[in-house]
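Open your viewer and get ready to click through a few spots. We'll go stop by stop, with a note on what to select at each one.

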Amino acid sequence: MEGINAIETALLIIDVQNDFCKGGALEVRDGETVVAPLNALAEYCVDHGGRVIATADWHPRGHVSFVSAHNAAASDAVSNSGQALWPDHCVQGSNGAQFHKSLNLNPVQLIIRKGFRPNLDSYSAFFENDRTTPTGLDGYLKALGVTTLLIGGLATDYCVLYSVLDAVRLGYRVTVLIDAVQAVNMPAGSEQAAFAAMREAGIALAETKEFIL
Ligand code: VGL
Ligand code: ZN
C-alpha cells in the first residue's frame, strides 16, 4: 500500500497518557478515542516492516509549565515569556503519566520522554520549546532511513501540532491521522487553528483506515 513502505515509514504516537484522557488532570475531550485506531495501525505497521514510536510527556514535580509552580506575579512574567501554564500533569512516576491502559505497547519500539527539564517545556517530539534542544528522535529516524511519518495522539493543538511542524521542517513526508487525534482546544479555536496551520505547512490529513489495507 502507498503509505506503509517497509522500513521507510514510522507511526508516531504522541502522549496517549492518562492525564490527557477521561478523568485526567489535563483531560482532552474524547482523548481515549485515539487508542483503537492507533492500536490497529501500530500492529499493521510492524507487520509490514515499519517502525512504531511513542512519546510521553514526563514532567518533574514543580515543572515550569505548571500553574502551581508560580505565584500570581511570577505567573504573569511566565506567560509574558510565552510559556503556557497548565494544571499539574504527567508527573514522572504518577499514574497520570502512564500510557492509557488500552494502548498496546507491544509494537512500540522506542519511547521518547520529553519535558523532563525543570525549566523547559517540550511539546514537540523533536525539539524542546527552546526550539533548539533535540530529543534525539530525528537522529534515530534518519539513522534508520525513515522518510515518512504517520502521526496521531494527543493533543492536536499542542504536542501533535508542534511535532508535525518540526517534522516537515526536518524533511519528512507527514500525514496526520484525523481519526486518531483530539484537541485540548484551549484557548477556544485552537483546534481549528492547528488544522489550518497543518494544511498551510503542506501536511496531509487522512484516516487511519486509508493505511490499513
Ligand atoms: C500537552 C499541554 C501540556 C500535549 C502537553 O501533549 O499536547 N499539552 N503538555
Ligand atoms: Zn506537558
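Start by selecting Ala155, found in the loop between strand E4 (148-154) and helix H4 (156-169). Those labels are DSSP runs, numbered from the N terminus: helices are H or I runs of at least four residues, and strands are E runs of at least two.

Before you go on, some housekeeping. This is a predicted model, where local features need pLDDT of at least 70 and side-chain atom pairs count only at pLDDT 80 or more, while totals for chains, interfaces and linings use all residues. Residues are numbered from 1 along each chain as its sequence is written, chains are lettered from A and ligands numbered from 1 in the order in which they are written, and side-chain values use heavy atoms, with hydrogens and water left out.

Still on Ala155, look back at Leu154: the peptide bond from Leu154 to Ala155 is cis, with omega near -10°.

Now show ligand 1. Which residues surround ligand 1? Among them are Leu154 and Ala155 from our first stop, plus Asp15, Asp57 and His89; to count, a residue needs a heavy atom within 4 Å.

Zoom in on the polar atoms next. A polar side-chain atom of Asp15 is 2.8 Å from an oxygen atom of ligand 1. On the nitrogen side, a side-chain N or O atom of Asp57 lies 3.0 Å from a nitrogen atom of the ligand, and for His89 the distance to a ligand nitrogen atom is 3.1 Å. The protein covers 100% of the 260 Å² of accessible area that ligand 1 has on its own (Shrake-Rupley method, 1.4 Å probe).

Stay with Asp15, which is in the loop between E1 and H1. Is Asp15 buried or exposed? Asp15 counts as buried because its relative accessibility is 0% (buried is under 20%, exposed over 50%, partly exposed in between, with a 1.4 Å probe and protein chains only). Its phi is positive, about 50°, although Asp15 is not a glycine.

Hop over to Asn185, in the loop between E5 and H5. Here too phi is positive, near 55°, in a residue other than glycine. Asn185 is partly exposed, with a relative accessible area of 30%. Then pick Pro187, in the loop between strand E5 (173-182) and helix H5 (190-200); a cis peptide bond joins Met186 and Pro187, with omega about -5°.

Last stop: Thr135. A polar atom of the Thr135 side chain lies 2.5 Å from the backbone oxygen of Ala125, and the Thr135 side chain reaches the backbone nitrogen of Leu137 at 3.2 Å.

Note on methods
A polar contact is a pair of N or O atoms within 3.5 Å; within protein, one must be able to donate a hydrogen and the other to accept it, and residues adjacent in sequence count only if both atoms are side-chain atoms.
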